[in-house]
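Welcome! Let us take a walk through a protein structure together, stopping at a few places along the way.

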Amino acid sequence: MNLKSQLYTLQLRTRQRLIGKRYASASEKIAIEPGVYQPRKLLFVLAGLIGDSVMSLPAIIEARRIWPNAHIAVLGKKHNRELIQACSFFDEFYECNADPFSLRRSVEIKKLESWLSEQGFDAAFILLGDQFAHLLARAGISVRVGVAGTALENCLTHTYEIGSPRAWGSNERLNALRCLGYSVGQAEPELSVDDKARRKGREKLAALGLDESRDYAVLHPFGSTRRQWWKVRAVGALAAKLEERDLQTVLIGGSETVFQISKEVTVIDSTGQLTLPELLAVIDGSKLVITTDSGPFHIAGALGKPILGLFRSRRPEHAKQYRTASVLFGENELCMQACKWDSCETEPCKQMEDITIEDVAESIELFLNTQ
């Protein structure tokens, strides 16, 4: 982290702590009696990365089950809205792409504050977006639930634990409901696909060369950081092995992955060309998803698709998040000793490099032979 980033982070944390101190004695905990408490309007804050957002969805799904007649609104960013836009477990989405502590986008935050004050929410649950806590308090929402131990914890009336920040999953986010006294069992995330996005996704793949009469596998060797990437140079060889089993290869990835694959490689290269709803549709239409520990892994799991995950053994925590997933772990002892859980000493990551084409092809063969 450079000096400018360090200074920005320092002032941000300082401002959060100062605001948190203002609410040190202002947040009274209201007793909730499960079965009796019937809120009319609920807000869920879901402003996080795609994978984390997917893992947080069971909390909203269970809230719909507990309070079937309540109006459920979700607050998040554009990609959070696009991720869940076809789902039926919420009624309204408010999109806010500005950070509450942003110095440059105060107008957008003022609009959000006005909206929060006007809505009359009975309860708000922060699943992702701890930095919104003080805005919920200012809006006078009587029940405010969020993660324990944050700088703005004093702005909350009820808190829940998620354990290790690196290892939490769907079950830990359900503690947002359990901390109010509700008995909630483990539940898997669920996503739905928009019909329009499904149609547009197929049209884009067809334009890129997909034969709609044949099955395809989705391949995502990328990740939000380079340490999650599998070896891009292996894409062509893996696609050839999939072709031997009469499977086309659809390559997916964000705009930052465009031109990473040689034009000589025979794949349906959709990198940078799909909207998030279309990506969901393309994954949902596949026979198999081969992906790193990244957003598409969680999307495929929530859609119930068969997954072959490519993980670092240094980061195994979400490997068993979905019953439809089998995972290959890259093993490298030097990495286990020298690397931190959130950083690699080498690029590309030695553990990801140690996952061979033969290993992946063998796992795919095992899957296809059981179909």
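The paragraphs below visit aromatic rings, charges over rings, cavities and cysteines in turn.

Please keep in mind that this is a predicted model. In one of them, the ring centres of tryptophan 67 and tyrosine 182 are 5.1 Å apart, and because their planes stand at 80 degrees, the pair is edge-to-face.

Another edge-to-face pair brings together phenylalanine 297 and tyrosine 322, whose ring centres are 5.7 Å apart and whose planes are at 70 degrees. Phenylalanine 297 lies in helix 11 (residues 295–302), and tyrosine 322 in the loop between strand 11 (307–312) and strand 12 (325–330), so the pair ties together parts 25 residues apart in sequence. Phenylalanine 297 is buried, with a relative accessible area of 0%, and tyrosine 322 counts as buried at 3% relative accessibility. Going back to tryptophan 67 and tyrosine 182, we find both in one aromatic cluster, together with Tyr37, Phe44 and Phe125.

The charged end of arginine 173 sits over the ring of tryptophan 168, 4.0 Å from the ring centre. Likewise, arginine 226 places its charged end over the ring of tryptophan 229, 3.8 Å from the centre.

Now let us look for empty space inside the model. Rolling a probe the size of a water molecule over the atoms shows where such space is left. How many cavities of 30 Å³ or more are there? The count comes to two. The largest cavity holds about 40 Å³ of space. Its lining is made up of Arg227, Gln228, Asp293, Leu310, Phe311, Arg312, Arg315 and Met352. Strand 11 gives the largest share of that lining, with three residues. Sorted by class, the lining of the largest cavity has four charged, three nonpolar and one polar residue.

The second largest cavity has a volume of about 30 Å³. Among the residues lining this second cavity are Glu82, Leu83, Ser192, Val193, Pro277 and Leu280. Helix 3 (78–84) and helix 10 (276–284) each supply at least two residues of the lining. By class, the second largest cavity is lined by five nonpolar, two polar and two charged residues.

Our last stop is the cysteines. A disulfide is a covalent bond between the sulfur atoms of two cysteines. How many disulfides does the structure hold? There are zero. For cysteine 155, the closest cysteine sulfur is that of cysteine 179, and because the distance is 16 Å, the two are too far apart for a bond. Cysteine 155 counts as buried, at 0% relative accessibility. Cysteine 339 is in no disulfide either, and the nearest cysteine sulfur, in cysteine 335, is 4.1 Å away. Cysteine 339 also counts as buried, with a relative accessibility of 8%.

Key:
Residues numbered from 1 in each chain as written. Predicted model: local features only at pLDDT ≥ 70, side-chain atom pairs only at ≥ 80, totals over all residues. Heavy atoms only, no water. Phe/Tyr/Trp six-rings, centres within 6.5 Å; stacked < 30°, edge-to-face > 60°. Helix = DSSP H or I, 4+ residues; strand = E, 2+ residues; numbered from the N terminus. Buried < 20%, exposed > 50% of the residue type's maximum accessible area, 1.4 Å probe, protein only. Lys NZ or Arg CZ within 6 Å of the ring centre and 35° of its normal. 1 Å grid on protein atoms, 1.4 Å probe; cavity = no way out; pocket = protein on both sides within 12 Å on 5 of 7 lines; lining within 4 Å. Points joined across faces, edges and corners; volume = space filled by probe spheres on them. Nonpolar A, V, L, I, M, F, W, Y, C, P; charged D, E, K, R; others polar. Disulfide = S-S within 2.5 Å.
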